[in-house]
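Let us walk through this structure together, one piece at a time. Have the sequence and the 3D view open as you read.

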Amino acid sequence: MTGAAPAVRRRRGLVLLALAIVACAVMLLAPAVLDRFSLNVLTRSMIFAMLAITVDLLWGFTGILTFGQAAFFGIGAYATAMILTHVGDSAPYLALGLLAAVVLPMIVGAAVGWLTFYPGSSAFYATIISLVVPIVVTQLIYSGGTWTGSSSGLVGYWGMPLSLEGYFRLVGVVLVVITFAALVFVRSDAGRLLTAIRNNETRCAYLGLNTQRIKILLTAALAGVTGIAGFLYANASGVVAPENAGFVFGTELVVWTALGGRGTIVGPVLGAVGIGYLSAELSGDLPFLWQLLIGSLFVLVIIVMPNGLAALAAPLKAWRRAAPVPALVAVPTAPRERTGTAPLLVMEQVAKSYGSQKVLDDVTLTVEPGELVSLVGPNGAGKTTLMRCMTDGSAASGGTVKINGTSIAGMLPDEIVARGIGRKFQVASVFEDLNVAECLRMARASHHAPSLVTASDTLGLPQSAIDILRLTGLDRMLATPVSLLSHGQKQSLELAMVVALEPELILLDEPTAGLTKTERTTIGTVLRTLTAERGMAAILVEHDLDFVREISSRIVVLHQGRLVVDGTVEEAVNADIVKKIYSGGGHD
Ligand SMILES: Nc1ncnc2c1ncn2[C@@H]1O[C@H](COP(=O)(O)OP(=O)(O)OP(=O)(O)O)[C@@H](O)[C@H]1O
């Protein structure tokens, strides 16, 4: 079955390519049967469909609701019209217009992305910024005087010497190419990364991925695509106006994307073209009613089909074969260079307060390679907070945390992961919309940059991660969607993902919570192998003292934010304070 993966992928790629060629042929032949009205309306709608694709990639795939694509489109359209109006009107200036239409939106897109996606920014903030950008661009156009034509826009400039039919063919083919490229991209390994970010950005960061950088790059690249659409629009329509960059238009793009079916690429294309055509027809026949009708249609579709009109095609999915299963391959592990003799982890006088509540106080802890340290203590003792202080450079309120001798103060989780720390969360943190293999591939993305074009037929993992998959049976479920896994399987998958990072120190927050006895034994075996045989260090937060006693090389007890015991298993188990805490006493 595994060997069939390349063949299945190749067949799917060829089907997609054949469909794109047929669609191009349709675009080239259609002007023969379309009247001038349809040619006009469809040319414009197809340009808007290119924008809907960019909205879909940002919103449908990455989870960033944006109203700002109109601004980048406006910048592209105006850059073209202004060059052709004020600078020159011949082929070289057309080329200059295209260059400016792509580069300027990309620069503005990168700047907007940089302002929007700073560490800790929320999705809501990104949406607000996307509303502000079109307003700013529109105001700049209004203030541009004769350069931008102010409220009248620019008209009557020289453009590409194409007939109406010629523009339809050009725009149609460009739309097919952009749609094809978007479909190839979202099916590639890099494309799946967008879904991972939408599902669980925190997990991405804790897999060592700089999600801010990825979102800024995506915003800039898609701004370039909207610029191409702006260039085509400025030429095909022969007029640019401030409304082209406004947030009303930006909102329409979101509506078309939602109506067509976000997260599908083809749905938003059909939504933009269909609604564009319908609006043009209705605005002629029912000039006072058409917007009401379109608005009612939108409300109806969103209520009946929250996933848009693309949901109508859902039964077709039943005929699709399951995702191909990639072949598991063991990759050679590269041992991290240890510089100097500093311990792997040193925490000195670490403190953490939430307002007036002191959660950690004067915690000092050292961990060396090969140790399996269990961190125990009653609920609310501060165990999870202590782990957070090891993986987020801004989490501690006081003290120092050093990894291999380097302070992590101010570092982001992805930077700390790159220094050899892996963290498994208390509640399994995986990607619900991906399958098992795709989740594991995300864990390797910081080691091996994923392809923008293809989905790999092999899944290269360190032997220790493969061992976890084999022990837990997940190696036979690589194509299974994560949403179908049991609680225990998700815990095991997350463990395998963290181990696939090849960390030097692995932090596990209650990895056996809610697991069966067998699953618990399996995890214990895995942890012992990783530490005793592979030299990895592990810190384990655990409530099950029998389990802790069985596997730990050292036990650390945290009580009311203070480290009260740090010793061997025997020392910890026999300590008076531990007996007191676990018999329900121990409160000061
Ligand atoms: N973001 C936060 N804001 C305010 N208080 C918090 C926050 N996170 C944790 N706390 C508080 O800090 C204390 C320690 O919480 P923490 O989750 O670290 O304990 P824990 O030992 O891991 O507990 P458990 O075993 O129940 O998971 C608790 O009193 C908790 O309410």
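Start with helix α19 (residues 517-533), which lies across β6 (372-376) and β12 (537-541) and runs at about 145° to β12. A word on the names: helices (H or I, at least four residues) and strands (E, at least two) are DSSP runs, numbered from the N terminus. As for the angle, axes are lines fitted to C-alpha atoms, for helices over the stretch in contact, and angles run from 0 to 180 degrees between N-to-C directions. Contact, in turn, is between two residues whose C-beta atoms, placed from the backbone, lie within 7 Å.

Before going further, please note that this is a predicted model, in which local features need pLDDT of at least 70, side-chain atom pairs count only at pLDDT 80 or more, and totals for chains, interfaces and linings use all residues. Residues are numbered from 1 along each chain as its sequence is written.

Both β6 and β12 belong to an open sheet of 6 strands, in the order β9-β11-β12-β6-β13-β14, with mixed pairing. Two strands pair here if DSSP finds at least two bridges between them. At the edges of this sheet stand β9 (421-424) and β14 (562-567), each of which pairs on one side only. From one strand to the next, the twist averages 15°. Towards the β14 end, strand β13 (residues 554-559) runs antiparallel to β14 and is joined to it by 5 bridges. Within this pair, Val557 stands opposite Val565 in β14. A further helix, α18 (residues 487-500), lies across β9 and β11 (505-509), running at about 175° to β9.

Now turn to another sheet. This one is open as well, with 4 strands in the order β5-β4-β7-β8 and antiparallel pairing. Its edges are β5 (357-367) and β8 (406-407); each has a single partner strand, so one side of each is left without a neighbour in the sheet. Strand β4 (residues 345-354) and β5 run antiparallel and are joined by 7 bridges. The two form a hairpin with 2 residues between them, and Gly355 in the turn has a positive phi of about 60°. Follow the pair along and you will find Tyr354 opposite Gln357 in β5, and Val350 opposite Val363 in β5.

Most residues other than glycine have a negative phi, and most peptide bonds are trans. Gln349, in strand β4, has a positive phi near 50° although it is not a glycine. Asp362, in strand β5, likewise is not a glycine and has a positive phi of about 55°.

Helix α14 lies across β4, β5 and β7 (398-403), running at about 60° to β5. This helix also leads us to the ligand: α14 (residues 383-391) gives the largest share of the shell around the ligand, 3 residues. Which residues surround the ligand? They are Tyr354, Val359, Gly377, Asn379, Gly380, Ala381, Gly382, Lys383, Thr384 and Thr385. A residue is near a molecule or strand if its C-beta atom, placed from the backbone, lies within 6 Å of it. By class, the shell has 3 nonpolar, 6 polar and 1 charged residues. Here Ala, Val, Leu, Ile, Met, Phe, Trp, Tyr, Cys and Pro count as nonpolar, Asp, Glu, Lys and Arg as charged, and the others, Gly among them, as polar.

Elsewhere in the chain, helix α7 (residues 189-199) is mostly covered, with 9 of its 11 residues buried. Among the buried ones are Leu193, Leu194 and Ile197. Their cover includes α2 (36-61), α6 (164-187), α8 (201-205), α9 (211-237) and α16 (436-444).

Finally, step back to the whole protein. Its domain assignment gives domain 1 (34-315), domain 2 (345-420 + 505-587) and domain 3 (435-502); such bounds come from an automatic or database domain assignment. The contact between domain 1 and domain 2 takes 7 residues from domain 1 and 5 residues from domain 2. The C-alpha centres of these two domains lie 49 Å apart. In total, the protein has 22 helices and 14 strands, and 47% of its 588 residues count as buried.

Methods: A residue is buried if 20 or more other C-beta atoms lie within 10 Å of its own, exposed if 12 or fewer, and partly exposed in between; C-beta atoms are placed from the backbone.
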